[in-house]
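Please take a look at the structure below. A short report on its packing follows.

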Amino acid sequence: MKHPKSRILVVEDDPAILSGLQDVLVFNGYSADGVADGARALASALAQSYDLILLDVMLPTLDGFSICRELRARKPGQAIVMITAKGSEDDVVTGFKAGADDYVAKPFSLRELMVRVEAVLRRAGKPLDDECIDHLGIRFDGRNLHAARGERIQELTRREMEIVAYLFRNRRRIVSRKELLTEVWRYADADIETRTVDIHMLKLRKKLAVLIPEIAFIQTIRGEGYRLEPGE
């Protein structure tokens, strides 16, 4: 039995999928509550303590993005995995902007679902590195989650700060995508197919380009991985 004390709230309006997800989670050693209505799900998530919320996007009364944003504002440490209907890049980006820790696109395999759930639970409760990083004239503030250069400031998500911090600590070498999945996302199976790294890098680069448009702050080394622009 895995994680016998981990409690998960499944929010899904399709009764068959909701029941199936609960069964899979219980089989894998979790406690799983189910809610089919968005407003009720938000009320339950705010009133009770869950280790993770598995959250569908399309819901009656209140959509998953709105629930995610509200939970992130009122319970910053809440672990959230979103379920998207098509896995389109727009939906995934919107989910991450709302504060989701990860996403699963329908249709998904049970193996993929459990990899995502277990990875997010491993990260949950892990204190964010609140160090301040200065690189190429940009100051990254882990405590307040922003990057600043002069008068310009860009807000960062927890994951974006973790990416920058990890790349900075390993700035003398190239960091592979697989290593990021293992060390930042905490995936036990880093060979799983996911565009999580690509999407996060795209968002992070856009924010950094506002602060320092003259250089590529994060370099992509084709076929190998990523590294920070050394600037030395």
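## Basis

This is a predicted model, in which local features need pLDDT of at least 70 and side-chain atom pairs count only at pLDDT 80 or more, while totals for chains, interfaces and linings use all residues. Residues are numbered from 1 along each chain as its sequence is written, and side-chain values use heavy atoms, with hydrogens and water left out.

## Nonpolar core

The largest nonpolar core has 31 residues. Such a core is a set of buried Ala, Val, Leu, Ile, Met, Phe, Trp, Tyr and Cys residues joined through side-chain atoms within 4.5 Å. Buried means under 20% relative accessible area, exposed over 50%, partly exposed in between (1.4 Å probe, protein chains only). Phe140, Leu167, Leu180 and Ile218 have the most contacts inside this core. At least two core residues come from each of H5 (110–123), E7 (138–141), H6 (158–169), H7 (177–183), H8 (196–211) and E11 (225–228). Helices (H or I, at least four residues) and strands (E, at least two) are DSSP runs, numbered from the N terminus. H6 gives the largest share, seven residues.

Contact means heavy atoms within 4.5 Å. Not counting residues up to four places away in sequence, Ile218 touches Leu167, Met201, Leu204, Arg205, Leu208, Tyr226, Arg227 and Leu228.

## H6 against H8

The axes of H6 and H8 are 10 Å apart, at an angle of about 85°. Axes are lines fitted to C-alpha atoms, for helices over the stretch in contact; angles run from 0 to 180 degrees between N-to-C directions. H6 and H8 are therefore roughly perpendicular.

On the H6 side, Arg159, Glu160, Ile163, Val164 and Leu167 make the contact. They meet His200, Met201, Lys203, Leu204 and Lys207 of H8. By class, this contact has five nonpolar, one polar and four charged residues. Ala, Val, Leu, Ile, Met, Phe, Trp, Tyr, Cys and Pro count as nonpolar, Asp, Glu, Lys and Arg as charged, and the others, Gly among them, as polar.

## Four-strand sheet

Four strands form an open, antiparallel sheet in the order E6-E7-E8-E9. E6 (132–135) and E9 (152–155) are at the edges with a single partner strand each, so one side of each has no neighbour in the sheet. The twist averages 15° from one strand to the next. Two strands pair if DSSP finds at least two bridges between them. E6 and E7 pair over four bridges. His135 has Ile138 of E7 as its bridge partner.

## H3 against H4

H3 (64–74) and H4 (89–98) have axes that come within 8 Å and cross at roughly 25°. H3 and H4 are therefore roughly parallel. Phe65, Cys68, Arg69 and Arg72 of H3 meet Asp91, Thr94, Gly95 and Ala98 of H4. By class, this contact has three nonpolar, two polar and three charged residues.

## Two buried residues

Ser44 is in H2 (38–47). Its relative accessibility is 12%, so Ser44 counts as buried. Beyond residues up to four places away in sequence, Ser44 touches Leu9 and Tyr50.

Ala32 is in E2 (31–35). Ala32 is buried, at 13% relative accessible area. Leaving aside neighbours within four places in sequence, Ala32 is in contact with Ile8, Gln22, Leu25 and Val26.

Note on methods: Parallel < 35°, antiparallel > 145°, perpendicular 65-115°, else oblique.
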